Amino acid sequence: MRWVFLGPPGAGKGTQAAMAVKAYGVAHISTGDMLREQIKAQTDLGQKAKSYIDKGALVPDDVILGMVEERLKQSDCEKGFLLDGFPRTLVQAQALDKIVELDCVVNIDVPDENIVRRLSGRRVCPDCGATYHISTLNGKETCDCGASLVIRPDDNEQTVKNRLNTYHEQTKPLIGYYREKGILRDIDGTRSVEDVFSGVKAVLGES
Ligand code: AMP
């Protein structure tokens, strides 16, 4: 069970990954979450990463690769892992190929116009990382875990536009890369969270 979730920002990778990790008992490796933890802890890596994240640009490959390589060595990855938000460039994908053989890459497909609406209404929990959308919160401002929800600093309109451009230029080519390898599975990410997860399970069940 060595999986990658691919897709534009706001496609629901994190939400689906959290559900899949629970269902299959694999390690969840979210490079975005790892970087945000580094920023919170005010490490050198975190400070370097923040300047890129705030612009909607990608953090340099060498920084990300060092971080992921270390993470994959941890014992919880032995039973399998789900990479969420990594790889995001061809360089990262090629480096990953040298470390592990992937079983399946799930491409969660959502058009740009849905992305802008989703991210501008997104609220996240700074404690447990759960994500919500204002359309289903009914005015509620707290997470199920009790913490106050916040807007991610990189979910503002201009940064979202930059993140989408970055996705199209640098990450989207990975769809063709993995399709050619025969391990890509496409999922329509515009449906409800539950319906998308049914699709994810149908794909992962067979991998
Ligand atoms: P995410 O939470 O996955 O949307 O990631 C938030 C931000 O972290 C991205 O917009 C990038 O700036 C950075 N980031 C996360 N993963 C990577 C990666 N694999 N390569 C480069 N930058 C990344």
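Two strands are taken to pair if DSSP finds at least two bridges between them. Helices (H or I, at least four residues) and strands (E, at least two) are DSSP runs, numbered from the N terminus. The model is predicted: local features need pLDDT of at least 70, side-chain atom pairs count only at pLDDT 80 or more, and totals for chains, interfaces and linings use all residues. Residues are numbered from 1 along each chain as its sequence is written, and side-chain values use heavy atoms, with hydrogens and water left out.

An open sheet is formed by 5 strands in the order β2-β3-β1-β4-β7, with parallel pairing. β2 (27-30) and β7 (184-188) each have a single partner strand, so one side of each lacks a neighbour in the sheet. The twist averages 20° from one strand to the next; axes are lines fitted to C-alpha atoms, for helices over the stretch in contact, and angles run from 0 to 180 degrees between N-to-C directions.

Strands β1 (residues 2-6) and β3 (residues 81-84) are joined in the parallel sense by 4 bridges. Here Phe5 faces Asp84 in β3. Helix α4 (residues 61-72) lies across β2 and β3 and runs at about 175° to β2. Contact means heavy atoms within 4.5 Å.

Phe5 also lines the largest cavity, together with Leu6, Gly7, Lys13, Gly85, Phe86, Pro87, Arg88 and Thr171. A cavity is a set of points on a 1 Å grid over the protein atoms alone where a 1.4 Å probe fits but cannot get out; lining residues have an atom within 4 Å of a point.

Notes. 1 Å grid on protein atoms, 1.4 Å probe; cavity = no way out; pocket = protein on both sides within 12 Å on 5 of 7 lines; lining within 4 Å.
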